[in-house]
Each structure stands twice: as structure tokens, then as C-alpha cells.
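Here is a short briefing on how the parts of one model pack together. Please keep the structure open while reading.

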Amino acid sequence: MTEISMREGYAKALVELAEQNQKIVALDVDTAASTLSKFFAERHPDRFFNVGIAEPCMLDVAVGLALGGYIPFVNGFAALISLRALEQVRTNVCYAQTNVKIAASYAGLSDFKDGATHYAFTDLANMRALPNLTVIIPADATEAAAWVPIIAEHKGPVYLRISRAPALPVYQPGTRLKIGRGLVLREGSDVTLVATGAMTGRCLQAADQLDGQGVKARVLELHTLKPIDTDIILKAAEETGALVTAEEHSIIGGLGSAVAETLSEACPTPLARVGIPDHFCPTGRDLDKLMDACGLSINDIVKAANRSMRQKSRR
Amino acid sequence: MTDMTSEQVEQLTGVATQLRCDSLRLIHRRGAGHPGGALSAAEIMAVLYFDTLRIDPTKPDWEARDRFLLSKGHASAVLYSALARRGFFPLTELDNWGEVECRHQGHPDRLKTPGVDMTSGILGHGVAIGCGLALAARLKKQDYRTYVLIGDGESQGGIVWEGAMTAAKFKLDNLIVILDYNDVQLDGFVHDIMPLEPVADKWTAFGWQVIHCDGHDIRSIQQALAVAQSTKGKPILLIAKTIKGKGVSFMENNSYWHGNVPNDHQLSQALAELGQEVTDD
């Protein structure tokens with residue numbers, strides 16, 4: 001792939017933002033060479049703090065920096081931040097409403113060589129349940145970069161989910177990103193594919209395949225999982241009558257759950273969820289093949305779309 | 001740094017007694033709270049809030065103020081008493097402590113209570129958060145100091161030591177941590193549940209300047225803080241030897257009073273021992 005990785009897109013954007021905004025500081029947990037916060041460390045050493053392999057400490061130190069008026073971006077692995085430091089995120093970031101930006105890297109299955117210990121596949125479930133937290137999942141490297149100044153400007157805690165890898169290119173430079181506002185990437189009237197993160201590009205390809213079957217699939221990108229864009233979901237439910245969600249996350253607690261909650265309360269509509277089934281995934285040699293093996297293939301999306309449309313036709 | 005006059009010592013001793021009585025009344029009225037650790041910290045809080053801290057009750061968000069983090073947030077009663085007596089809000093506001101609409105939560109909440117610099121209550125976080133505040137002061141070239149009051153029980157948790165390493169790495173001499181070393185926690189004595197000793201050696205080995213003081217002696221605390229303020233190049237830990245439940249005979253050194261509430265009779269007896277007239281509130 002020629003695309004740069006999502007982490008690289010994010011990390012370079014943060015360096016650039018820090019040139020203009022002296023309030024930006026960054027922290028890491030001995031993963032600067034992995035998250036690529038090393039670019040920040042090299043350029044702004046006085047504003048970079050490496051606290052060693054201690055995610056809870058990184059979050060608390062960031063909380064203190066935020067209390068002191070800075071805009072800290074914490075960098076680490078999503079699996080470890082969302083589990084080891086969840087107490088800090090809940091209490092000292094969300095409850096205390098400190099202006100901490102959590103750049104959770106190596107998300108989903110993207111640390112495919114390390115395996116289940118490092119997969120972040122429950123992080124969205126953990127984070128989505130927390131009051132006051134904004135949860136953003138970029139679809140590709142360019143979009144990850146575009147979010148950096150937006151979330152820095154946003155007052156309040158943000159969880160930014162970053163993949164280690166490149167993703168299929170989706171984001172059109174110049175597209176206006178707004179927290180809480182989903183994007184219609186493709187119009188369609190038969191079924192809606194609701195995507196987030198690296199699954200967005202896969203959904204666009206699934207839509208091409210469905211088109212070959214004569215099925216017009218709408219594709220929505222819900223880059224913001226929280227606050228969720230209820231309007232765009234309900235409009236799609238009314239206009240297409242069948243939905244699919246697709247996420248690089250457990251089918252429990254993430255995008256699929258959020259969309260199901262929205263639909264079942266306001267507009268019960270057939271829904272099929274594409275995500276990691278309720279088990280631990282193995283190590284892989286290649287991310288794309290691993291995702292395919294873990295229920296996230298383009299074919300899985302196509303099959304889910306057909307399932308959802310069959311349910312619609314039975315209604 | 002000049003020593004306190006005996007009048008100042010006497011005045012702050014009176015403040016400490018006042019904070020004890022306030023804390024017990026507040027806990028009694030609410031029917032909830034943690035008296036033991038509030039009483040052990042009374043002199044420390046009196047010296048901090050009425051002598052050491054650079055604060056202005058009319059400007060709780062003053063950027064140049066010293067910061068205070070009550071890491072042992074269960075002792076909220078003594079913090080609320082100190083803030084009220086210092087003028088951040090009227091003491092009478094605490095009549096409603098615990099009510100849903102009240103600005104005072106069970107544990108300190110920075111968003112609701114004027115003068116509370118950070119939300120706390122879930123233990124262990126003060127040192128690491130203090131590191132961030134101290135780093136911010138350095139980056140901004142401001143001379144405020146960050147003071148953190150930690151408990152001995154919470155020192156059993158790993159996050160305290162993660163913060164300790166961080167402060168030493170960054171040589172945060174604008175961070176002063178005070179250990180309220182009363183040796184009692186919920187289930188019994190700290191030295192039985194999970195011993196901390198040799199606690200001074202541990203902090204020294206972690207790269208901190210360690211200073212000892214008598215946590216119930218105003219002059220000892222004040223002198224230790226003065227030494228702390230003049231320390232350069234490393235973070236400072238004051239080990240304040242204290243007695244849990246100090247000042248009330250039946251509460252002293254008794255883990256039952258970590259989190260139990262005195263009844264009417266016990267409150268009267270406690271206030272009498274502290275030399276206060278018993279009132280009907």
C-alpha cells in the first residue's frame with residue numbers, strides 16, 4: 001500500500017499543530033517509536049513527557065497538565081489505555097472534565113503481530129459508556145490528521161482511535177468534519193452500510209459489489225461514535241429500511257450496539273452487525289488477511305447486507 | 001523564613017481544633033463521612049490554609065495560586081471545613097452537605113466546590129496529577145507550588161509510586177507531598193494490612209527529599225514546609241506522623257472510626273473533649 005499509516009498521519013499533524021499552538025503538549029508510555037509521538041518529541045522536546053510503561057500515570061500527569069492550562073495529547077496503545085488507565089479516564093478525565101486528548105493507537109486488530117494481548121476490541125464499549133467523553137474514529141490517515149486541530153479546539157475530553165496501519169483511502173481532503181455529524185459517502189436506497197474507522201473503506205468496496213447485484217447501498221461514515229448522529233441513522237432507517245454496521249471492534253458495545261440502541265427506541269429496523277465475534281482473535285501475518293479471518297471481510301459486509309434486506313422483505 | 005510567634009502557633013492550634021469540631025459536626029449531620037482521617041489532618045490543613053498556601057478566597061481560579069490536592073479525598077470534611085473557615089463559601093452552606101442539590105459532594109469535586117483544585121476520592125492519584133500541575137508551572141514559568149496530601153493506606157497502591165518516579169525524573173522541586181502517616185486504615189493498622197516501612201527509605205530511594213515532622217505540632221509542620229520550599233532539584237515528601245482520630249479519645253488509633261459516624265452522644269462527648277460548647281445543630 002502506498003497510503004501512509006493512520007498513526008503517521010495523526011503524529012505529523014500533531015507536530016504541525018504544536019508549531020502554532022504553544023499549549024499543546026504530548027505524553028507517551030515508552031511507545032513513542034510505535035505511536036510515532038517521537039516526531040513530536042524530536043521537534044518539541046520541552047513539551048514532551050515520556051513516563052515509562054505506565055498508562056495510569058500518563059493519564060494522571062496529563063490531567064495535571066490540563067489543570068495547569070495545557071492541552072495534553074496522551075499517546076499509547078488503545079488496549080492498554082482503555083483497560084489499565086480506565087479508572088483515570090473515567091474519574092480524572094471524564095468526571096472531572098479535564099481537557100485531555102487520548103490518542104489511542106494500535107487500535108482494533110492493527111497490532112496483528114502481537115495478538116490478542118494487544119488487540120483493542122473492547123475499547124469503544126468502555127469509552128462509549130463514559131459521560132462527557134467524545135469518541136472519534138477516523139477512517140484513514142488523512143482523516144486522522146484532519147481531526148487533530150478539531151479535537152484540540154474542542155473543549156473537553158476526546159478519545160481518538162488510531163490504527164497502526166494504513167486503511168483504504170476514504171477521506172476527501174476538504175470535506176468538513178464536525179464532531180457528532182456523520183457523513184454520507186454514497187447514496188443508496190436499498191440498504192445502508194454504517195461504517196466507522198478502517199471498515200469504512202471496506203464498506204465502500206462492499207457497496208460496489210452490491211451494486212453488481214443491483215442493490216443500491218448507502219454508505220454512512222459515523223466517525224463520531226459519541227455523541228452519535230441519531231438523525232443520520234434514523235433517516236437511513238426510514239429511507240432504506242435495512243442497515244448494516246461495520247466496525248473493527250467486538251460486536252458487543254461498539255458501533256453496532258450504539259446503532260441498535262438508536263433504532264430500537266426510535267425506529268425498529270432490520271440490522272445486521274459486522275464486527276469481531278465474541279471471542280479472542282489470533283495473531284496474524286498480515287492485517288488485511290487477519291481482518292478477513294475475523295469476520296470483517298468485504299464479503300462479510302455483503303452477506304450482512306443481504307441478511308438485513310431479507311429481514312426487511314419479510315416485514 | 002522566620003519562625004512563627006507563639007501567638008501564631010496558638011492561633012493555628014485553635015484553627016485546627018475548629019476544623020476538628022466542624023468536621024465532626026458535618027459528618028454527624030450528614031450521617032456519612034470519614035472522621036478518623038479528617039481529624040488526623042487537622043493541624044496540617046490549618047497550617048496549609050491559614051499560613052502556607054498562596055491563595056485568595058475571592059479568586060478561587062487565580063492562575064498564580066498554589067495548588068492543593070487532597071489525594072486522600074475521603075477526608076473531605078476537613079477540606080470543606082478549611083475552605084469555609086478560610087472564606088471560600090459560608091460554613092452554613094454545608095448544612096445541606098449530601099443533598100442532591102448541594103455544591104459539596106461526598107468526595108471533593110473541582111467543578112462544584114469553589115477552592116477545590118481537583119476532584120478526588122478514588123485513591124492514589126494525587127502525586128501523579130501533582131506532577132502534571134508542577135510540570136505546567138515550569139512550562140509556564142510560574143512560581144506556584146503544588147501541595148498534595150496523601151494517606152498511608154493509599155500509598156499501598158501502585159499509582160502513587162508511578163507518580164513518585166515521574167516527579168523524581170523531572171526533578172519537580174515545586175511539588176510538595178505530605179504523608180498523613182496515622183498508621184490506621186479501614187480494616188486495621190497499616191503495619192498489619194500492608195506495611196509501608198521503611199517508608200522514608202522508599203521515598204529517598206525513589207529520589208525524593210524526605211523531611212520528618214510531628215503532624216500535630218503546628219511549629220513542626222510549618223518548619224518542615226519551610227525546609228521543603230527551599231529544597232532545590234528534587235521533589236519533597238513530608239512524613240507527618242499523626243494519630244488517626246486525634247483529639248477524641250475514643251476515636252484515636254481505632255479503625256472503626258475510619259468511616260463511621262458518631263451518634264448524638266458520641267458527638268457531644270467528642271466536642272466536649274475538644275473543648276467546644278455543644279450546640280443543637
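The points below cover domains, a helix pair and a chain contact.

This is a predicted model, in which local features need pLDDT of at least 70, side-chain atom pairs count only at pLDDT 80 or more, and totals for chains, interfaces and linings use all residues. Residues are numbered from 1 along each chain as its sequence is written, while chains are lettered from A and ligands numbered from 1 in the order in which they are written.

**Domains of chain A**
- Chain A splits into domain 1 (6-161) and domain 2 (183-314), with bounds from an automatic or database domain assignment.
- Their centres, taken over C-alpha atoms, are 26 Å apart.
- Domain 1 gives 22 residues to the contact and domain 2 gives 27; contact means C-beta atoms, placed from the backbone, within 7 Å.
- On the domain 1 side, α7 (123-128) and β5 (134-136) each give two or more residues.
- That side has 13 nonpolar, five polar and four charged residues (Ala, Val, Leu, Ile, Met, Phe, Trp, Tyr, Cys and Pro are nonpolar; Asp, Glu, Lys and Arg are charged; the others, Gly among them, are polar).

**Contact between chains A and B**
- Chain A and chain B contribute 21 residues each.
- On the chain A side, α4 and α6 give two or more residues.
- The largest share, nine residues, comes from α4(A).
- By class, the chain A side has 13 nonpolar, six polar and two charged residues.

**Helices α4 and α6 of chain A**
- The α4(A)–α6(A) contact includes L59(A) and V63(A) of α4(A), and V89(A) and V93(A) of α6(A).
- Its residues are five nonpolar, two polar and one charged.

Methods
Two residues are in contact if their C-beta atoms, placed from the backbone, lie within 7 Å. Helices (H or I, at least four residues) and strands (E, at least two) are DSSP runs, numbered from the N terminus.
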